[in-house]
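Biologist: Could you walk me through this structure, starting with the charged pairs and then moving on to how the helices pack?

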Amino acid sequence: MPDNSNSRRNFVRKIGGLAGLLSVSPALVAWKTETGLIIPEVAAAEDVTRDEDYWSFIQQAYSVSPNIINLNNGGVSPQPIVVQDALDRYNRLSNEAPSYYMWRTLDEAREAVRMKLADLGGCSPEEIAINRNASEALETIIFGINLQRGDEVVLTKQDYPNVINAWKQREKRDGIILKFISLDLPIEDNQLIVSKFKAAFTPQTKAVMITHLMNWSGQILPAALISRAAKKHSPTIQVIIDGAHSFAHINYKIPDLEGDYYGTSLHKWLCSPFGTGMLYVKQARIKDLWPLLAPEDPQSPDIRKFERLGTRSFPTEMAIGHAINFHNTIGNERKQKRLHFLKNYWVEKCLNVPGFSTQTSLKPEFSGALCTFALKGMEPGQVASELFKRARIHTSATVWENISGVRITPHIYTPIKDLDRLVDTIHAIAKENVTAANRTSSK
Ligand SMILES: Cc1ncc(COP(=O)(O)O)c(C=O)c1O
């Protein structure tokens, strides 16, 4: 149950009515957005996971429609109003004289965005390149690392399709060998996951691909343990991490994962503008990674060689900084706890639904906000379309390898009432499904 017995709540209510007030108490600082919204900033140690008052202010920072229940934030997330406004301002400015404002003015701030991203990622700005999405970051790595014919790459059948396709293209073109392992999800045993990777290592293994948080079911893989096992097998193995779903969702720093390369989208959990992403390359590896779009010196040790994209949207890139400020106001630990709470909130209320099953762990070490569920006897597409038809609940039907179900992804702006609606609708669909099945079997 949400905890409403919090004395701070009254403070929050009070400032809610006092637009323009910036600081009301040393314990509670109100953060005024450019749009006049006030977001409470609470003491670092305060646990607000179940404090619906706190989260209702966060909800108001978004412009999401109340006429659709968007539970597919795993696909792409909306931006808080501050980010949309910043993007709009940069765009309007750029349109006053595009080449002047984009290339001579806004571009200077690229280094500030890089520094903010590096702070968030816990690495050096000299290891961060700004790009358009996780696909671009990861394909830069996949096509850019040096591999010879016959070299082996270990990956899973549950990796993201763009990633698998890139590796397959490299297999066709360069004669590398892909060694796929398959994971039966959920798995709540890190050693079991590590042992599956280890079993695929051979003397020819030269690279390992790790999806940190799997888009299909939300499973978190023990990236650092897999990386360590790979490096123990052979110190020269190159470890590539897909952080598209874990960045700004799970609370960690990129070097904690012990990989050589890492790619993520920023338009998922960070809520940056659509079409923003980030590439991390460990300093010692930059020189030997070939860029997709060639700069003057492709073997330069400067991370900026991966940003030779030509003309792109500078307003979009500049607005990333505003998304980081918004994220930091909440804090990653607080955000991760809330997201995990939201997932467990609805799943626990569905465990007694006849025919309900899930391929997602409920434990925080193995999952975050994403959960994939199924109803016995119904196709995922059928369940997803019933959810939308009955309650305008937008989800994602997933069928891939050994995963089949409907993926539900709330975000920090999701009101509890929307999850109650989800639970009621799942109960109703399942009840009718069981009645229909009984009718058929008694015929
Ligand atoms: C695990 C994973 N990796 C990579 C991507 C690609 O992200 P983007 O579409 O931002 O390139 C996604 C997108 O959903 C994903 O889920």
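Biologist: How far apart are the closest N and O atoms in the salt bridge of K337 with E333?
Modeller: In this predicted model, the closest N and O atoms of K337 and E333 are 3.7 Å apart, and the two residues form a salt bridge.

Biologist: And where do K337 and E333 sit along their helix?
Modeller: Both belong to helix α13, which covers residues 332–348, and because they are four residues apart there, about one helical turn separates them.

Biologist: Is K337 buried or partly exposed? And what about E333?
Modeller: K337 counts as partly exposed, with a relative accessibility of 38%, and E333 also counts as partly exposed, with a value of 47%.

Biologist: How many salt bridges does a search of the whole structure find?
Modeller: The search finds 22 of them. One of these joins R110 to E307, with the closest N and O atoms 2.7 Å apart. R110 lies in helix α5 (residues 110–121), while E307 lies in the loop between α10 (283–286) and α11 (314–318), so this pair ties together parts that are 197 residues apart in sequence.

Biologist: Are those two buried or exposed?
Modeller: R110 is buried, with a relative accessible area of 7%, and E307 is buried too, at 9%.

Biologist: Which residue pairs with E317?
Modeller: E317 forms a salt bridge with R312, and their closest N and O atoms are 3.4 Å apart. E317 counts as buried at 5% relative accessibility, and R312 counts as buried at 14%.

Biologist: What network do R110, E307, R312 and E317 belong to?
Modeller: They are part of a network of salt bridges that also links D107, E111, R114, E126, D302 and R304.

Biologist: Changing topic, at what angle do α3 and α12 cross?
Modeller: The axes of helix α3 (residues 81–94) and helix α12 (residues 320–330) come within 8 Å and cross at roughly 160°, which means that α3 is roughly antiparallel to α12. The crossing of these two helices is right-handed.

Biologist: Which residues make that contact?
Modeller: On α3 they are V82, V83, A86, R89 and Y90, and on α12 they are H322, A323 and F326. Sorted by kind, the residues of this contact comprise six nonpolar, one polar and one charged.

Biologist: One last thing, where does Q59 lie, and what is it in contact with beyond its neighbours within four places in sequence?
Modeller: Q59 lies in helix α2, residues 52–60, and it is buried, with a relative accessible area of 15%. Leaving those neighbours aside, Q59 is in contact with Y413, T414 and P415.

Note on methods:
Residues are numbered from 1 along each chain as its sequence is written. This is a predicted model: local features need pLDDT of at least 70, side-chain atom pairs count only at pLDDT 80 or more; totals for chains, interfaces and linings use all residues. Side-chain values use heavy atoms; hydrogens and water are left out. Axes are lines fitted to C-alpha atoms, for helices over the stretch in contact, and angles run from 0 to 180 degrees between N-to-C directions. Angles under 35 degrees count as roughly parallel, over 145 as roughly antiparallel, 65 to 115 as roughly perpendicular and the rest as oblique. A crossing is left-handed if the near helix is turned anticlockwise from the far one by less than a right angle, and right-handed if clockwise. Contact means heavy atoms within 4.5 Å. Ala, Val, Leu, Ile, Met, Phe, Trp, Tyr, Cys and Pro count as nonpolar, Asp, Glu, Lys and Arg as charged, and the others, Gly among them, as polar. Buried means under 20% relative accessible area, exposed over 50%, partly exposed in between (1.4 Å probe, protein chains only). A salt bridge is a side-chain nitrogen of Lys or Arg within 4 Å of a carboxyl oxygen of Asp or Glu.
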